[in-house]
Structure formats: structure tokens, C-alpha cells
Amino acid sequence: MASTVMMHQALQPSLRLAAVLLLSHLAAAALLAVTAMPWPARLAILMLISLSLAYHMARDVLLLLDDSWCGIELDSGGVSIVASDGQR
């Protein structure tokens with residue numbers, strides 16, 4: 001038996017989340033800068049930090065990817081997170 005949706009809340013891009021993600025990634029990069037690691041290792045890790053920031057901005061802030069959360073639904077069966085591709 002299908003449950004009926006009691007409430008649906010659409011999610012929108014968030015400037016606060018963007019700021020938190022940016023600050024946390026900048027903090028990680030700053031900590032990396034003061035380590036005693038060789039420069040090639042630091043650059044490799046800095047690239048990973050940059051890729052992480054780009055991915056999370058695209059998925060969680062801009063809601064561009066298929067697995068981005070686009071809504072939250074409350075029904076008689078509980079709470080569901082709705083992704084951009086329709087999965088719950």
C-alpha cells in the first residue's frame with residue numbers, strides 16, 4: 001500500500017552552507033601548509049582538498065548532481081530524502 005505524502009519541503013541552494021564548506025576547506029588547506037611534508041605531497045593533498053570543495057559545492061550547494069538532495073518528504077511511513085534523480 002502506497003503512503004500519501006503529508007508534507008514536502010523543497011530544498012534550495014544555501015549561501016550559509018557554501019560559506020561553511022569554503023571555510024572548512026580553507027582551514028584544511030591552512031593546516032596542510034604548516035605541516036613538515038614535502039612540497040609534492042602537499043600539492044597532491046591540496047588538489048584533493050580542491051576537488052572535494054568543488055564536488056560538495058556542486059552536489060550540496062548548487063544542487064547540480066543527480067544525487068543532490070532536492071527535497072524532504074514526511075508521510076505516514078516516516079521521513080524520506082528526495083534526490084534530484086527521483087530516488088528516495
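Figure 1. Arg59 is partly exposed, its relative accessible area being 22%. The model shown here and in the other views is predicted. Arg59 is found in helix α2. Its side chain makes a polar contact of 2.8 Å with the side chain of Asp60. The two residues also form a salt bridge, in which the closest N and O atoms of Arg59 and Asp60 are 2.8 Å apart. Asp60 counts as partly exposed, at 26% relative accessibility. Side chains of opposite charge can pair when their charged atoms come close. Not counting residues up to four places away in sequence, Arg59 touches Leu65, Asp67 and Ser68. Arg59 and Ser84 are separated by 25 residues in sequence, and their C-alpha atoms are 10.0 Å apart in space.

**Figure 2. Helix α2 and its buried residues.** Helix α2 covers residues 39–61, which makes 23 residues. At 1.5 Å a residue the helix should span 33 Å, and its end C-alpha atoms are 31 Å apart, so the two values agree. Arg42, Ile49, Leu53, Met57, Ala58 and Val61 are the buried residues of α2. An α-helix has 3.6 residues a turn, so residues three or four places apart point the same way. The cover over the buried residues of α2 includes helix α1, residues 15–33. Just after α2, Leu63 takes a positive phi of about 55 degrees.

**Figure 3. Ser68 in the loop between α2 and β2.** Ser68 is placed in the loop that runs between α2 and strand β2, residues 69–75. Ser68 is buried, with a relative accessible area of 0%. A polar atom of the Ser68 side chain lies 2.8 Å from the backbone oxygen of Arg59. Leaving out residues up to four places away in sequence, Ser68 touches Ala58, Arg59, Leu63, Val82, Ala83 and Ser84. One of these, Ala58, is among the buried residues of α2.

**Figure 4. Asp66 in the loop between α2 and β2.** Asp66 has its place in the loop between α2 and β2. Asp66 counts as exposed, at 56% relative accessibility. With neighbours within four places in sequence left aside, Asp66 is in contact with Ala83, Ser84 and Asp85. Ala83 and Ser84 are also among the residues that Ser68 touches. From C-alpha to C-alpha, Asp66 and Gln87 are 9.3 Å apart in space, and they are 21 residues apart in sequence.

**Figure 5. The salt bridge between Glu73 and Arg88.** The structure holds 2 salt bridges. In the one shown here, Glu73 pairs with Arg88, the closest N and O atoms being 3.0 Å apart. This pair links distant parts of the chain, with Glu73 in strand β2 and Arg88 in the segment after β3 (78–83), 15 residues apart. Glu73 is buried, with a relative accessible area of 7%, whereas Arg88 is exposed, with a relative accessible area of 61%.

**Figure 6. A nonpolar patch on the surface.** Met6, Met7, Leu74 and Val79 form this patch, and together they have about 410 Å² of accessible area. Met6 lies in strand β1, residues 5–10. Met6 is exposed, with a relative accessible area of 58%.

Note on methods
Residues are numbered from 1 along each chain as its sequence is written. This is a predicted model: local features need pLDDT of at least 70, side-chain atom pairs count only at pLDDT 80 or more; totals for chains, interfaces and linings use all residues. Side-chain values use heavy atoms; hydrogens and water are left out. Helices (H or I, at least four residues) and strands (E, at least two) are DSSP runs, numbered from the N terminus. The expected span of a helix is 1.5 Å times one less than its number of residues. Buried means under 20% relative accessible area, exposed over 50%, partly exposed in between (1.4 Å probe, protein chains only). Contact means heavy atoms within 4.5 Å. Patches are made of residues with over 30% relative accessible area and no salt bridge: like charges are joined within 9 Å, nonpolar side chains (Val, Leu, Ile, Met, Phe, Trp, Tyr) within 5 Å. Accessible areas come from the Shrake-Rupley method with a 1.4 Å probe; for residues, only the protein chains shown count as cover. A salt bridge is a side-chain nitrogen of Lys or Arg within 4 Å of a carboxyl oxygen of Asp or Glu. A polar contact is a pair of N or O atoms within 3.5 Å; within protein, one must be able to donate a hydrogen and the other to accept it, and residues adjacent in sequence count only if both atoms are side-chain atoms.
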